[in-house]
Amino acid sequence: MNKTDILLVGTTHLNMPNNGDLFMPDMPDVLSENRQLEIKQFVNQLRRFEPTKVCIEVNTSKKVYINEQFQRIIKQPELATANEREQIAFRLAHQSHLDCVYPIDWNEDEGFSLETIVQDKKREMEQILSSQQDVMNHIETIFKNRTISDYYKEINHPTISLSMHRAYLEIASLEVSGTRWVSHYWYFRNLMIFNELIVTKGIK
């Protein structure tokens, strides 16, 4: 079996959607002339990997919709929003001469709510969220003062990744509710994404 190399690029939501995330770092001026130039430079760096498929954090059920959007935006780039999939993934796929992108996300309601944990374990969650706010503040500072390429290099550094992952381990320690949410939703979601990635890898 031939070895497959996978380039995993972690990102924040550049368009700052109101999607229920507890933290949403401020990402200003993504569509400005300077930022657009920086994003193009970053995509050119990613192209050196020579991707044969581009996967994105979108629910698998939206494959048709998202690829209709992909085709529309590569034909009319002026329609692109600040969304990271439109700014980075679509551009990367198009410039790599790929005719589609692959949504691989799973994000279903399993009956385990993080909001409930925040309410039931208010003091403990305040401590966890306080440490993560420090990470978010650092991320915002990097974004505002560095290039897009430098920003992605920083947020994908193991130190940042481990700091974010530590929060999930701390939530998992909050008795039954925290353990259930992390194991039955968060880790389960990641395993579902991994499984879809493996399936996508085998698509001819």
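Which residues touch the most other members of the largest nonpolar core? In this predicted model, local features need pLDDT of at least 70 and side-chain atom pairs count only at pLDDT 80 or more, while totals for chains, interfaces and linings use all residues. Numbering runs from 1 along each chain as its sequence is written, and side-chain values use heavy atoms, with hydrogens and water left out.

The answer is V54, I56, I88, V101, Y151 and Y152, out of 31 residues in that core. A nonpolar core here is a set of buried (under 20% relative accessible area, 1.4 Å probe, protein chains only) Ala, Val, Leu, Ile, Met, Phe, Trp, Tyr and Cys residues joined through side-chain atoms within 4.5 Å. Leaving aside neighbours within four places in sequence, V101 is in contact (heavy atoms within 4.5 Å) with V54, I56, I66, N67, F70, A89, F90 and A93. Apart from this core lies another, of eleven residues, including M125 and W181.

Then there are the rings: the structure holds eleven aromatic pairs. Rings of Phe, Tyr and Trp (its six-membered ring) pair if their centres lie within 6.5 Å, with planes under 30 degrees apart counted as stacked, over 60 as edge-to-face and the rest as tilted. W106 and Y185 make a tilted pair, 6.4 Å centre to centre with 45° between the planes, and both of these residues are buried. W106 also pairs edge-to-face with F188, at 5.1 Å and 85°. Ring pairs gather W106, Y168, W181, Y185, W186 and F188 into a cluster.

Notes
Buried < 20%, exposed > 50% of the residue type's maximum accessible area, 1.4 Å probe, protein only.
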